[in-house]
Each structure stands twice: as C-alpha cells, then as structure tokens.
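Let's go through a few labels on this model and ask where each one comes from.

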Amino acid sequence: MSRLFKRKDAKKGKPPGSLIFVGQKKVEEVTIDVYEYNKETVYQAKVKFPLEVEHYKETPDNSWIDVIGVHDPEIIKAIGDHFEVHVLNQEDIMSTDQRPKCDVSEKGIYLVLQMLKYHEGKITSGQLSIWLTHRCIISFQEVMGDVFDPVRDRLLNPNSKLRARGVDYLGIVLLDTIIDNYIIIIERFGEELELLEEDLLERTTEAQLAKLNVYKRELHYLRRAMRPVREVILRLYKAESELVQTENLPYIKDLEDHITQALDSVELYREMLNDLMSLHQSGINNKQNEILKVLTVFSVVFIPLTFIAGVYGTNFENIPELRSPIGYYVFWVAEMIIAACMLLYFKVKGWF
Amino acid sequence: MSRLFKRKDAKKGKPPGSLIFVGQKKVEEVTIDVYEYNKETVYQAKVKFPLEVEHYKETPDNSWIDVIGVHDPEIIKAIGDHFEVHVLNQEDIMSTDQRPKCDVSEKGIYLVLQMLKYHEGKITSGQLSIWLTHRCIISFQEVMGDVFDPVRDRLLNPNSKLRARGVDYLGIVLLDTIIDNYIIIIERFGEELELLEEDLLERTTEAQLAKLNVYKRELHYLRRAMRPVREVILRLYKAESELVQTENLPYIKDLEDHITQALDSVELYREMLNDLMSLHQSGINNKQNEILKVLTVFSVVFIPLTFIAGVYGTNFENIPELRSPIGYYVFWVAEMIIAACMLLYFKVKGWF
Amino acid sequence: MSRLFKRKDAKKGKPPGSLIFVGQKKVEEVTIDVYEYNKETVYQAKVKFPLEVEHYKETPDNSWIDVIGVHDPEIIKAIGDHFEVHVLNQEDIMSTDQRPKCDVSEKGIYLVLQMLKYHEGKITSGQLSIWLTHRCIISFQEVMGDVFDPVRDRLLNPNSKLRARGVDYLGIVLLDTIIDNYIIIIERFGEELELLEEDLLERTTEAQLAKLNVYKRELHYLRRAMRPVREVILRLYKAESELVQTENLPYIKDLEDHITQALDSVELYREMLNDLMSLHQSGINNKQNEILKVLTVFSVVFIPLTFIAGVYGTNFENIPELRSPIGYYVFWVAEMIIAACMLLYFKVKGWF
Amino acid sequence: MSRLFKRKDAKKGKPPGSLIFVGQKKVEEVTIDVYEYNKETVYQAKVKFPLEVEHYKETPDNSWIDVIGVHDPEIIKAIGDHFEVHVLNQEDIMSTDQRPKCDVSEKGIYLVLQMLKYHEGKITSGQLSIWLTHRCIISFQEVMGDVFDPVRDRLLNPNSKLRARGVDYLGIVLLDTIIDNYIIIIERFGEELELLEEDLLERTTEAQLAKLNVYKRELHYLRRAMRPVREVILRLYKAESELVQTENLPYIKDLEDHITQALDSVELYREMLNDLMSLHQSGINNKQNEILKVLTVFSVVFIPLTFIAGVYGTNFENIPELRSPIGYYVFWVAEMIIAACMLLYFKVKGWF
Amino acid sequence: MSRLFKRKDAKKGKPPGSLIFVGQKKVEEVTIDVYEYNKETVYQAKVKFPLEVEHYKETPDNSWIDVIGVHDPEIIKAIGDHFEVHVLNQEDIMSTDQRPKCDVSEKGIYLVLQMLKYHEGKITSGQLSIWLTHRCIISFQEVMGDVFDPVRDRLLNPNSKLRARGVDYLGIVLLDTIIDNYIIIIERFGEELELLEEDLLERTTEAQLAKLNVYKRELHYLRRAMRPVREVILRLYKAESELVQTENLPYIKDLEDHITQALDSVELYREMLNDLMSLHQSGINNKQNEILKVLTVFSVVFIPLTFIAGVYGTNFENIPELRSPIGYYVFWVAEMIIAACMLLYFKVKGWF
C-alpha cells in the first residue's frame, strides 16, 4: 500500500457520513484517557467503555478526553453522537488521510491535522482530530506515541496556567505542541540538507542523487501535511465562536506566526533542494569533462608518437634514418620532444 | 480525431443555443430510466419516448430521470423544454467536451462534469449533465457504464437515508460518487508512479521515458477535467438557491474538502513526475559517464602499451633491446607494469 | 517589419487621439456594407461615401454597418464622429495592434479584438472593432475575408432569431463566431501537436526542434491575442449598460465559458509543448549515448586485438611464439576469444 | 559604479527627507525652461535663478516649469518649497534611482518615472519627476535630451488642443510621450530578437549566447523601469484629485491600455528569450553530436583496417597469406570491402 | 548549529509565552542605554539594573531605552512587564529567529525584524525588537554593533528634527536606517554579481559555480529576512494606532517605497543568478565541445596516417611500393597531403 494514499475502494458507493476506517490499523486496542480538571484538582482516569465517557459532558469542570485508535466505528459513533459531533466529522475522524481543516459550528469546533514523526530520513504521520465543545475537548489520535507528554505534565502541575484556563486554551496548547514539533522536524531536515550541501561541494556521487530524491519526496509529504494548517489556524482565529475566548486570540495569532515561519522554511528548503539538484547536475557534467580530458590528453599525446613509430616500422627500402647508428636514439628524443610539446600545449590551455 | 479535442467545425456559424451533437457517438440508442421515490415506495421504469417522462414533473414524489446517450437533439429538446432547461444548457448537454460548470437559475440548477475511467494507463471520460429542479433530478450521460450502481442500490433499499431526503441530496450523492471515483483513479495513478520511481532508482531505460510521458499527458487530462470541479462545488455551495436545503450544505462542504484533497494530490503527482523526469535525465547522464569511463579506461591503458609495441616494431638498426635474449620478456614485464600503474591511477581516482 | 509589432514611430509625439494608421495596409479600398433589418424585412446595401451611412442612425430599424479597411482617417473620423465614437476609440480602430479591450460609456460600447487565421502553421490576425450603440452596430475590420458569412446568411433568413432580436444580440453572435473560430484554430493546433508527439516518440530529428520552436512562437501569438478576450467578455457581462438587454446576459456568460475553455486548452498545449521540448532533448541525449556506445564498443573490442598484433610485430629476437609453426593460428584463435569476451562483456552490461 | 544600483552610502544615517543627490551627475549646469500659456498666447523663457520661477505660481495662466539637472539641492529646495512639494518628494527628485510611483496629496500630485533610451543594444535611463499643482506643472529631469520636443512644438502651435486645456492634460501628454517611447524601444528590441532567432535557427555560435545574455539583462532593466508604471497610472486614475479633471480620465485610461500592452510585450519577449536560450542549448548539443559522429565514423571505419594491417605486420613464420603473390592485393580489396561495409552501416543508421 | 535555523528543542513542550532564549549567545553581558530627550535637552545614561529603567515610563519627556543582549529572561521580563509588553512578544524578543512582524495593541506597537551585516560574502543577522509605547520606545538588540550611530548623533544634535518630534518618529528613523542598510547590502551584492558576470563571459571555472551557489544561499537568506518587512511596514501604516501621529504617515509610506524597491532588486538578482547559472552551464558545455574537438581533430587526422604506415609495415612479399627507391618519400608526401586535406576539412566546417 502506498504511503501517500490510502485505499479508499472500501468507501466506493457508500453514502457521505459512513463510518468506515480508511488507512492502516496502527493501534491494536482503543484506549481512552480522561483528564477532568479545574484550578484546584485534576482527576485522571483510563476509560474502558465509551459510555463511561458520557458523564464528563455534564460535569462543571473542564475535561480532556483523549482517544487513541480510530479504527472502531462503534466507539467513534458512541462518543461522537453523545458529544454532538457532526456525522461528516465522525467520518473524517476515521478517514486517516484527511486534509487538515477546521469546521466551526454552534455545537463545537472540529479540527483535524497530521502529527508528524521524522525517523531516519523518513516522515510518518498520524492523524489527530480535535473536537472542542463546552468545557470539554476530545482528541482522536490515529497512532500511539504523541508529542503531548509535556502538556500532560503541565496539566498535573498545580501551578500551571493551563489548569486555570478553559479547554480552548488547552486546545491551543495542543496545536502549539504539534506546530513546535513541525519546526523541530524542519530544523533536522535543514541540518541534513546543509551536510549534504557541504558534501556536494566536495564531490559528486550517485548516492547523493538518491538522497536528494528522497529528501524531495519527504519535503512534498511535509508540505502536503503542513500547508493547509495555516488555513486551519486562520479559520480558528476568525471563527468568532463563543467557544474561543477573546483573551486567547493572541495565542492563536502566535500559532499563525509559527506556522507561517515553518512554511517559509519549507519553501526555502524546496528551493535549496532544487539548487542542490542543479549543483549535482553540474558536478556530473564536470566529471564528464574530467573523463573526457583524461581520454583526450592520453590520446592526443600518444597518437603522433604511435604514428611515428608506425612510420619507422614500414618496410620501405632506403629509409635513411633506419641505417643511422644513432637513428634509434634520435627517434626517442624526437618522440620525447613531441610528447613534451603536447603536454605543454594542454598546460597552456589550462587543462591540468 | 484527437482525444483531447472534439471536432467543432460542425458548429461553425451556428447561432448560440443550436442543438448539435459534438463528439463521438458512444451509445447506440438512448435509454431513459426513471426512479420515482418517496420515503415508503420506489417506482422504477424504463421509458421509451421522451413524452412519457413529462408526467414526472407533476407527481408529488421525487423523481430521478437518468438519460443515457446525448446525441439525439429531439430527445434532449423534448425533455429539456418540458423541464425548462435553458436552451444554452441544452446545447451544453450535447457538447460532450464541456468544461465543468454550474449555472444557477430560478428554474433549476444545471451542473456539468466529466466522469472518468482509468483503464490500462489511459483515462477516458464521459460527460454527465445534471438538471436539478423541484422534486426532480435529470441526469444526462454521454456513455454507458456509470459509477452510480451503489446509489441505485441504496435507492431501492427502504432503510436508506437517500429515500427520505430531497432530490438535492440525491444530487449531492451523485457528485460524491463521482469525486470518490476521481480519488480512486488518482490513487491508482499514484501507485503506478511509485512503482516507476522504484524502477527508476534502480535502472534507466527508454521505456521509462515513454511511460513518464504518457503519465504526464494523462495527468494533464485528469487535471483539465478535475480542476474546474472545485469551482463548480463552491458555486453550488454559495448558490443560495431554494432548491438546495440548508441542512444539506455541510454535505456540499464535504464534497469541496474531497475535491480539494484530490487536486492537492494531482499537483503532488505533477511535481513528482517532474522529479522523476529529472531523475531519468540524471540516469541517462550517469550512463553516458559510464560509457565514457569504459572507453577512456580501455584507451588510456592500451595506448601506451601499443605505442611501446610500435617502438619495438620499428626497423632501426642497432636497437640494443632487440638483441638481448631476455628483451622480449622484459618488454612484457614493462607492459604489465605500465598497465598496472594505469589501472591503479583510475582506481585511486575512484573510477571503478 | 516584425509580425508581432507594428511600427509606431509615426505616432511619436502625436497627441493622444490622433488618427494615424498603424500597421500594414492590407485592403486596397475601404468597403462599407450596410444591413438594415427588422423582424419582417432586410435591406442590404453597399455604401460609397461615409456620409451615406449617417441616415442609419435615425431609422427605427436595427442596422449593421460593416466597414472593411481602417487605413483612411477621413472615413473613420466621419463615421466615428457621427456615431459619437470617442476620439480615443477612433484612434484604437486605426491602431491595428490593439490589445483586446472593452470600453463602456453612455454613448455606446466599444470592443476591439483580433480575428485569427491559421494557414500552413502560421497564425495571422486582423483587427476587429465593434461599436455598439442604440439600434446600430458598426464593425471595423482591418482585413477582407472575415468569418461572418454564416451570420450574414442567418440575417437574410426570415426565420432566424437574429432578426427578431436587438443589435446587442447581433454583437454577441459576432463575438461567438470569432471565439468559435479561435477554438477551431486551437483544435487544429492540437492535432498537429499530437502528430508531432507520435513522431517524437519514434525518432529525433532537427526538423522537429524547428517545428517545436515555430509552434511555441505561434502559441505565444495566439495567447497574446486571446488572453485579454476573457477580460473583455467579463467587462461586457458586468457593464450594466442599458445597451445590453438582460435576457441576453446568459449568452454573454456562455461566451465566457467558451473563451475560458479555449484558454485552458492553450495553457494545456503550452505545457504539452514544454513536455515535447524535453522529450526531444532526451531523444538527443539518447542519440548521443548511441553514438558513444558504437564508438566505445568498436574501440574497446579492437584496442586489445591491435595491441597483441603490435606485440608480435616487434622485432625482438627469440620470441618463441613466432617460431612455432602453429603460432599464427593460435594468435588468431586468441584474438577471436578476446573479441568474443569483450562482446560478451557488453552484452552482459546490456549495451545492445 | 554599477548601472543598476547607485551608491547610497552617502545617505547612510541621514534622516528621511535629506536632500542628497544619489547617482552620477549627468548634467553640468541646471537649466530651467518656463512655458506660460493660455488659449491665446505662449510665453517662453529661460530662467537663471530659481527665485525667478516663483511668480509663475501666482499668474492666472498655466505654466510648465521644466528643470533639467537635479544634482543641486539648493535649487530643488527653493523650487520645491515654494511650490509646496513634500520634503520626501524633494528627496525622491534627487535620488535618481527611484522606483516609479505616484503620491497624491491636497497640495499636488507627485509622479516619478524613468525615461529610457536605447542605443546600440544598451538601455540607459534618466529620471523624470513631475509635480502637478494648480495651474502649474513642474518637471525635473535628470538628463538632457528628453523626448518632449514634439510636445513643445504643439505648445507653440496656436491651434493645438494642448493650449486650450489644463496642466493636467499637459501632464497626461508628457506621460503619453514617455510610454510611446517605451513601446518604440520594445519594438526595436523585438526586431533584434527576431533577427537573432533567424540566425539561431541557421547556426549556433558563442557570440549568440553572449548576445542573448545581454538582451536578458537589458530586458530585466526595462521591466524594472516599466512594471511599476502601470501602478502609477492606475493610482493617478483613481486619485479622485480635483487637480485632474473628469473629462481627462479617458486619456489616463488610454495610458493604462498602452502600458499594459507594453508590459504584455515585455513578458512575451522574456519568454521568447528563454525559448531562444534553450534553442541555443539544443544547437550546442546538436553540434556535440556532430563532433562525436565525425570521431566515431572515422574511428570505427579505420580501427578494423588498422587491426588487419597490424596482423600482417606480425613476424610469425608460416603466415600463408604473406607468401601469396596476390596476397597484398587481396589485402587491399578486403580492407576496401570492410571500409565500405562500415560506411554502409552508418548510412543505414542515418548518420550522414 | 545551522545558521538558518536555531535549535528549538529547548522549547519543546513549553507553554506559549515561555521566556526561553533561542539562538546563540552573541553578547556577554546585557547593556542598557537610555536617552531621555525633549526639544531642549538630552539626558544620556547607562543603566545597570532593569529596575532603574522603570522611572522613564513616568517622565513627561521622550525616552529611548536601548537594550543590547536578549539572552537573560529576568531582564526581558522585568522591563517587559513594566512597560506592558505582551508575554508572547516577550517570548518573541528572546526567540532570535523570529519572522519579521508587527503586532499592534492598545498598550503599544511591537515590531521585530532582522538587522543584517554583509562581510566577505556572508550575511549575518541580529534580531531587533522595538516596543513603541507612550513617550517611550524600547529597542532590544541581539548583537552589539548596530547601524544606529548616526541616529544617536542626531539625537545629541540640538538642531535635529528628531528631538522635536515624538518617539514614533524616532521609531521610523530606526526602521529607515535598517532598510537603508538593506539597500546598501543589496548594492554590494549587486556589484559582486556584476563582477562575476564579466568573469563568466570570459571563462568558465569550477570556482565560479561554488561562488554562484554561495550567492544563491545568501540571497535566499536575505530574502527570508527582508520579504516580510514590507508587510510589517504596511501593517504599521494601516495600524490607525494613536501611537503613530498622522503627520508621520508619509514617512512610513516612504519606508514602504524603499523596501519595495529593495525587494524588487532582490528579485532581479535572483533572476540574474539563475541566468548566470545557465551561462555557466553553457560555458561547461562549450568547454566539453572544445575538448571533444581537440580529441576528434587529432584522432581523425592521425588515424588514416597511422593506417597507411601500418599497411607498409605488413610483411607481404611483392609489395611494389616498398621496392621503389623513392617509395619512402612518396609515402611521406602522401601522408602530408592526407593530413592537409583533413585539416582543410575541419577548417571548412568551422571547427577552428
């Protein structure tokens, strides 16, 4: 199965809003973690059945319901229906190749984006859907191993600002963590690119070309995941939803600054990759000239020498030079002079 | 006749709104299927004469009139006039190379787009026009063999949401089916491209270039058919026509998400194709360097050897080496040493 | 004189609105055809003096005044002043390299575009200016031989819708005829391009490159003439002039659809040309590899053979092989074996 | 000093609005010509001291003050302050590498653009600033030798429309003259380009590449000077300043048409230059193939011949062919046949 | 550590608004200079502790607080909190790879951009943050050695306009100084590029390619720092903040003109670099053709000569030419004629 696209044949002909899992199952069992918190206390729990989740809608405290694993339509439907997630958004949660987007309704705000990981030159993604509603935020993650551990730590820390603020601020912090992670990936990418550039300025190998190609594909992948995120953030900023408090707007603006900067860098690396591509091309051309030079210098130096040897190998009678006792030595000297002249000629022309 | 463009000479000088079939006749006989449905019942019929269709305008139930074959102006005119399709849209129905578009009027909504098929690396299209009016939707298809069978099945299924909703929802479902089909085609395209990429990273052949060229043309074709569809969907979303119920707007928004994602992928593949193109070019250049290296190594190794053989082939008198009983063997050893030096030189230079 | 640009030196320093003919005189004598028509009758006349034209302004019937030849400032001024054409538009009529545009004023609507002809791979243009005013439409053509004959036929046909409608509809029909003609030219262009593509996939010649270059220039020319036309049509659509009846607006919208489709195709062909360009380039590179392969195979096979022959051509005493009675035959066998090994080596490497 | 950029170091750290001349002094002495005119009379004068200029502000007639030479801050300040030119605009007048722009204030309209000259393939520029205020227009020119002589002639002509209209019309006429001059330069450029194209289709030389490069740089220069002018004209058109009479707006619109057309042509030539660039590249590649073909044909034909000669140069005893009296002649015939076969092979392969 | 990107790992998981220094510490100790000024007097001081700064908020005079060194969170927090800088902007001050931006709030205007230095072909940057509030402007600089010395001189000059105007004008002057510095860097860049171009038109070396690559990267870097500045200026211009007096708006407009011109030049140089890149490529191709020509001329001239020498080296009996007493001399003459013909052939073909 292609990494870029996920088999959608299963959805062919199904009505819009059908809950069908699209993608590769990356988690064995669905786990649901719940954090119920207010300024003073945090209550943390692991939930077994989706039904248990339901009472968090009614509590006066803020809750973060963190669902890991999105392949089970029953769980998604149970939680989704209870928290009034639109059926099309429920479908989006399960279609793990969703383009990042933000849907705003009175019931809540639905956000979807891709969490990225960079491991040994390869980027993998895991989809994250966030449903933000009154006093409750639900996150649906495709894969285990998110980047949210520092957020969880801060939530458990009684002095954290996070505890004192609403779930919208928690949502912003989650987004901030993801975008920070994007930037870290881009940085690592950039470092490898600069190493490659240094290598390219020294020598030209085929392995470099393969590497450049891999980087190009990974960058396509990165761009595809990140580019729509800016739109998502802007949409959130301009949503004018009562779910987002005005005092938190500067934090969303800050997210936009970060993602814009990240996208700038991606574009920069794209251009850098193109430059490196043509640098490699020039390297190959130079190498070809090197090869041709070696061939030409050897040929041109020896061709006249061989010709002269050939002349004195002819069986003509009466060749005066052959008779001379010093003929052979004169012949060698003449050959040397010719060779020296040739080499001088190439030297003057700047060939080596 | 070109696949991309269809002979329009026949229309030269005809007034706008003339019903002239443009394209290749792809269906022998026009067939008309009718589905009259409400929440409880479905009535399915094959209609012989266009006149029979007319009473479906008056029934209080919803109807889907599915016309296959658009080459007969009389049938198009009869149905079109009865259902108040604008004469220019009637012309569009018969011009089978229409750019996708959406015309909204009080009488109804006219949509036209291309259904695509991908078979053995080649994309073929069949035009679909949809006329959405009160309690009635008419589809005009250029070719047999559409992708609507699952929709028909759902229509016949008494539990389907499709039956309970208006014809506008049926229209959205038809569009959804077409766009899902686009995505499936793109996926297949992508898989072939990734196979080709793997192949390209291994070796370089001329067949790959021909393949790349074919993919490029097919992608042009795909883009040409798909790119205006996004506009069409947006136009529909913003039409503010009373023919589209507000509760169905999220489904249209969902269509827009899908087509945007599909177009993103098409752009991605376009760039990937360009990358593969230059990868292939680099492959050819590398091959050339390979050839040149072989030529140069052989020439450079043997040229001095041959020269020395030439020297001892000269007929000079008094060449002391020739007299020596071990001369011949020394000659061979010298040749071997020279050859070894040359090979060592290339080894050090990293040529093989 | 360049085809793309017309000598403007004559206008240097003249005030704006000066009536100076810019271009190549393409018509010997100015001819003026007049069609006065209403639902019932058509009156057709050839006019000698521009003054005769004047009474058509007062008649209650619709008139089409068709002026062929725009090099005579007196005629343009006489007609222009009488029908209240702005002096700058009068200047435009005579500047035959005008960019297509649409000026809307209370007095009338001024449109200018280029009629194109495609003959033996070359596109030529003739400027058409249209002045649409109350019950009167005046067309100024730079060259003889327009594409309007079918329109004239329809005007003479008593059953034609054209007769029953206003001059604005006649104007739309004229534009429609021109844009249809654009599409026909593009189609022909496309067919030639597809033929060339087939040719290119088979072989690579220098003639193809020259052809590609000619097509590229013609496509530039085509684009330059066509691209602003979309703007012109949109301007007309949004003019909100009382000279254009609301019921005719769908026809203008239809024109916009056609020109958009035509421009899409032009862009497609531009990209196709670029693809063919690089296909040709690849062809040349492949050819070079072919040449190099032939050179290398021959050189590499014969170089060792010649070397060995050289060895046995040396005049060393005591070469044992030379003495052997079967020496010569062993020599030939050895040479054959070496040659066979070399050829096998290239075979294995996949060179032929 | 670079032609494209002018040393700004002198301005480093100076406050905005400092009157410092930036550029190369191109005029020895500042000259000031004044034209005071109304419908009936023209008064023309050469002014020595800037103070003399001042009374033209009070006269009821229109005045055109034409200042040639902008390197003297005192003169600029004297005139600028008297006519209420903003201090930043005074600075702009003296910075002769100003980007074209239009500043509209209540006091007057400030316009700055570059007058271009094309001489022997090189474009030079001279900055023109225009200050349009009530009944008075002041032009500041960097260099002698403008393109305004026809305007001066018309001003002296009692029948000219120019005399009867306001200074805003005079300003438009000045702009029109400059833009017409742009178009003339582009035309000449285009003619040279088409000559070069013909040359390129025939042969490939290194001089062409140098020429292409020069044209490319000049076109960059041209674009840089012209592209912002469209903005300037649009700004003027939409200024809604009472200094520009409504009846003159169509003339400004006309200017916009001209500059748009000129920019279209510049873009066209840019693309043409790129096409010529790749045509030249193809020419070089073809030439390389030519060279390789010559080398290969000669090598491949003679290599086997030389090998066979080498064989019969060996000193084997018992070579039967050598003994034969016709051996030598058979040898020659065999060589000829081999050479003929080789040539036939290349002929069949289409190499010559 | 990469120059383009600064390690952000330290910020991973920290909440938005955390004061963590990002970048390389470039200043040992933080220094704070204060200028308190009004029309009559200036008071200049070096401040040790951030708390001392606080009383400048209350004074009726204008103050400029210039903080050099941004790595100490305590100082930034102390000053930032006292002058009501938003916590997110405090974070921005310490993140020294900030994208230029402008945040406007009621409390003040926050601006951040990069000051650039060009030294021996390498651009380095130092971040500058400006906080403009009532009667007080605070600048935070990442590095020592700014470009503000002339501004400081003017501040100390009692006749300077700077003293008489508000802190907003001082802010504009600071921005003006930075942008002037950008332009000076671009100019220097341009001069080096033009030198390189002259060099490239003469010869082709590998060092040029490395140089082109370095310039390309530096230009990327320059663009990345400068492109957002235009937005920043426009944002400031349209801020409608009461902190910026209306009479100073033309000065901001002037800044926008300058930065637009600078960006135009950057784009121009980008295109010039691409042109030089392909010029270099053509140079390499030409060189390759040169090499091939030398090889071919030598080979083609000597190959037939060597062949003929080989023929007369054969040991056939009865070769009549060998017996002839003038045979050897005829042989030489024939060789000469053949060589001359070959050289003539290449001369005619225009190879040298």
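Helices (H or I, at least four residues) and strands (E, at least two) are DSSP runs, numbered from the N terminus. This is a predicted model, so local features need pLDDT of at least 70 and side-chain atom pairs count only at pLDDT 80 or more, while totals for chains, interfaces and linings use all residues. Residues are numbered from 1 along each chain as its sequence is written, with chains lettered from A and ligands numbered from 1 in the order in which they are written.

Q: Where is Arg135(D), and why is Arg135(D) called buried, exposed or partly exposed?
A: Arg135(D) sits in the loop between strand S6 (122-133) and strand S7 (136-141) of chain D. A residue is buried if 20 or more other C-beta atoms, placed from the backbone, lie within 10 Å of its own, exposed if 12 or fewer, and partly exposed in between. Arg135(D) has 17 other C-beta atoms within 10 Å, so the label is partly exposed.

Q: And what makes Glu84(D) buried, exposed or partly exposed?
A: The count for Glu84(D) is 13 C-beta neighbours inside 10 Å, so this one is partly exposed. Glu84(D) is found in the loop between helix H1 (73-82) and helix H2 (87-94) of chain D.

Q: What is there to say about phi at Glu84(D) and Arg135(D)?
A: Most residues other than glycine have a negative phi. Glu84(D) isn't a glycine, yet its phi is positive, about 60 degrees. Arg135(D), not a glycine either, has a positive phi of about 55 degrees.

Q: Why say the copies meet through different surfaces?
A: Residues are in contact if their C-beta atoms, placed from the backbone, lie within 7 Å. By that rule, 54 residues of chain E touch 46 residues of chain D. H8(E) gives the largest share of chain E's side, 31 residues. Only 15% of the interface residues of chain E are also interface residues in chain D, so the surfaces are different.

Technical notes
Contact = placed C-beta atoms within 7 Å.
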